[in-house]
Structures are given as structure tokens and as C-alpha cells.
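Please read the numbered points with the sequence and the model at hand.

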Amino acid sequence: MAEYPRAEHILNESTEVPTGRLGIWWFLASEVVIFGGLIATYVLFRWQHPEWAAEASHTLNFAGALNTMVLLTSSLTVVLAHAAITEGKFQLAARNLGFTLLGGAIFMGVKAYEYSHEIAAGFVPARSLFWSFYYTMTGLHALHVLGGMIAIATVLVAVRKGHAPQRVEYVGLYWHFVDIVWIFLFPLLYLAS
Amino acid sequence: MTQNTASVEHGHPNYVAIWGILVGALLVSLLMGFIQLPVVTVVLIFSIAAVKAYLVLNYFMHLKAEPFFVVVIVVAGLACLYFLFFGLVPDIVFSPDKLRAEH
């Protein structure tokens with residue numbers, strides 16, 4: 001089994017996993033069911049409604065692709081922050097967390113542009129079941145991005161003071177999960193039209 | 001509870017190279033839109049998404065370096081999703097007339 005450098009943690013004796021990291025993994029497993037339930041239901045409805053392809057063609061592919069690129073890059077910066085903290089480079093870690101926050105802000109800005117464009121064109125949630133799914137899934141995801149940004153900002157402040165190095169990994173795990181969700185939302189809602 | 005010192009056996013993977021692969025996969029997904037074979041396109045696009053998720057999970061989230069217990073937690077979440085999906089199939093897929101009447 002490959003080993004990666006990790007910051008010091010408090011281990012849970014029964015699982016040999018640091019308690020904080022164990023909690024994050026449990027949390028993410030529950031999130032799998034929340035997002036996965038929505039995605040599974042959408043896939044089944046989409047299977048029954050091939051005409052949704054026409055609706056999906058009105059989503060903004062370039063904006064979705066840009067946001068995918070932004071989230072992939074912010075995943076890189078947050079894992080680089082984790083790598084820096086394991087080497088005791090707190091300022092470098094803080095800088096990478098700052099870049100991650102910037103990525104989150106750009107994502108939210110692009111999403112706001114998309115929503116305003118779509119709503120102005122009449123594609124509101126009540127227009128059809130496709131748009132209800134679209135706003136529910138992307139809206140819930142955007143809320144998770146916002147939550148992640150708040151968590152990262154909190155950890156960033158602590159890291160700048162040289163505290164809580166293990167939390168960089170925890171917020172990183174959460175941020176990567178948000179990235180994975182978007183990796184599936186993008187083809188489902190944008191490309192498969 | 002015990003304290004664990006940092007383990008540095010094999011170092012970090014090349015994160016920038018993995019990011020490059022992820023971005024390359026994104027570009028390939030976008031190019032798939034030009035293929036005029038809808039079923040092939042959908043299969044390829046979602047296969048690429050699965051590969052991207054695998055890379056993020058294993059290399060950015062270090063799942064492959066986690067103890068077996070963490071893998072069990074992830075599999076448990078996915079198993080719940082599996083049962084949910086197939087539990088919904090009869091209601092959604094095999095009731096087309098009812099659904100079309102409602103929507």
C-alpha cells in the first residue's frame with residue numbers, strides 16, 4: 001500500500017485512522033448518498049425522457065467547462081497546500097489555500113453568470129422537470145462550494161498563525177469530494193445533450 | 001488515543017502531472033461532442049468522468065493509502081447508492097405512462 005506524508009494526528013485506536021480524518025470520510029460517505037440519490041434519480045428520469053436532450057442543449061457548455069477547469073485546478077492547489085503543510089511550510093500552504101479560495105470564488109461567479117443568463121432566457125426551475133433537477137443539483141453543489149470556502153478560509157487563518165496543520169488535509173478531502181461531484185454533474189447536465 | 005508521527009515513506013505523487021491528465025481528460029470529453037454517435041459519445045464521456053473521479057479519489061484524496069476501514073466507509077456509501085438506484089428503477093422506468101401523464 002502506498003504511503004503519503006501526513007501531518008501529525010491523533011489516532012483512533014480501533015481503526016488506526018486519525019479521528020478527524022475518520023470523521024471527514026464518514027461525512028463524505030453520507031454526502032455520496034445525498035448527491036448520488038439526486039444523480040441516480042436524474043439518470044432514471046432522463047432515461048425515460050429523451051426529449052430532455054433538447055432542454056440540456058440550453059445549458060452553457062463553455063461555462064460548465066470553465067468551472068470544471070477551475071475546480072480541477074483548485075483541487076490541485078489544495079493538495080499542494082497539504083503537501084506543503086506536511087513539510088512544515090505553513091506560509092506556502094496558506095498561499096495555496098488562498099488560491100483554492102480564489103478558485104471557489106471564480107466558480108461561484110461563473111455559476112451566478114450562468115443562472116442569470118438562464119433565468120433571463122426563461123429557463124426557470126418551474127419550466128420543466130429537467131430545469132428543476134438542474135437548479136436543485138447545481139444549487140446544492142454551489143452551497144457545498146460556499147461551505148467549503150468558509151471552511152478553507154477558517155483553516156487559512158489558523159495556518160497563517162502556524163496552527164491546526166491537520167485541518168488542511170480535512171478541508172482538502174472535502175474540497176476534492178466537491179470536485180468529484182462536479183466531474184459527474186458536468187457531463188450529466190451539460191455534455192449529454 | 002495515541003500520537004502518530006508523520007510517515008514519509010514514498011513521498012508525494014506528482015500532483016501537477018495528475019492535474020495535467022485530468023485537464024487532458026476534460027478536453028477529450030469536450031471533443032466527444034463532435035462525434036455523431038450519441039450512444040458511443042455518452043458511454044465515452046461517462047467513462048472519462050469515472051476515470052477522472054478515480055484519479056482524484058486515489059491520488060488527491062489518497063484513498064489508496066488509507067487503511068482498509070476507510071475503504072469500507074466509502075464502499076458502504078456507494079452500496080447504499082447502488083440499492084437506492086435499483087430500488088427506484090421499478091417506480092421510474094417501468095411506469096412510463098403514469099410519469100408522462102404527470103409531466
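1. Helices (H or I, at least four residues) and strands (E, at least two) are DSSP runs, numbered from the N terminus. The expected span of a helix is 1.5 Å times one less than its number of residues. The model is a predicted one, in which local features need pLDDT of at least 70 and side-chain atom pairs count only at pLDDT 80 or more, while totals for chains, interfaces and linings use all residues. Residues are numbered from 1 along each chain as its sequence is written, chains are lettered from A and ligands numbered from 1 in the order in which they are written, and side-chain values use heavy atoms, with hydrogens and water left out.

2. Chain A contains 6 helices and 1 strand, arranged along the sequence as β-α-α-α-α-α-α. Of its 193 residues, 60% are buried, where buried means under 20% relative accessible area, exposed over 50%, and partly exposed in between (1.4 Å probe, protein chains only). Its accessible surface, computed by the Shrake-Rupley method with a 1.4 Å probe and, for residues, with only the protein chains shown as cover, is about 7400 Å². Carbon and sulfur atoms account for 68% of that surface. Contact here means heavy atoms within 4.5 Å. Among the contacts in chain A between residues at least 6 apart in sequence, 77% join residues at least 24 apart.

3. Chain B has 4 helices and 1 strand, in the order β-α-α-α-α from the N terminus. Buried residues form 32% of its 103 residues. The chain exposes about 6200 Å², and carbon and sulfur atoms supply 73% of this area. For contacts in chain B between residues at least 6 apart in sequence, the share joining residues at least 24 apart is 44%.

4. Helix α6 of chain A (residues 166-191) deserves attention. Its 26 residues reach 37 Å from the first C-alpha to the last, close to the 38 Å expected.

5. Helix α3 of chain A (residues 61-86) may be read alongside. Its 26 residues should span 38 Å at 1.5 Å a residue, and the end C-alpha atoms are 38 Å apart, so the span agrees with expectation. Of these residues, 20 are buried, and α3(A) is thus mostly covered. A:Gly88, which follows the helix, has a positive phi near 80°. Within α3(A) lies A:Ser74, which is buried at a relative accessible area of 2%. Not counting residues up to four places away in sequence, A:Ser74 touches A:Thr100, A:Gly103 and A:Trp175.

6. Which residues touch the most other members of the largest nonpolar core? They are A:Trp25, A:Leu97 and A:Leu189, in a core of 84 residues. A nonpolar core is a set of buried Ala, Val, Leu, Ile, Met, Phe, Trp, Tyr and Cys residues joined through side-chain atoms within 4.5 Å. Helix α6(A) gives the most to this core, with 18 residues. The core also draws at least three residues from each of domain 1 (11-65) and domain 2 (68-103) of chain B; the domain bounds come from an automatic or database domain assignment.

7. Two residues illustrate contacts between the chains. With residues up to four places away in sequence not counted, A:Trp25 touches A:Leu173 and several residues of chain B, including B:Leu57, B:Met61, B:Ile73 and B:Val74. B:Phe85 counts as partly exposed because its relative accessibility is 21%.

8. Most residues other than glycine have a negative phi. A:Ala164, in the loop between α5 (129-160) and α6 of chain A, has a positive phi near 50°. B:His62, in the loop between α2 (38-60) and α3 of chain B, has a positive phi of about 60°. A:Ala164 counts as buried at 15% relative accessibility, and B:His62 is buried with a relative accessible area of 1%.
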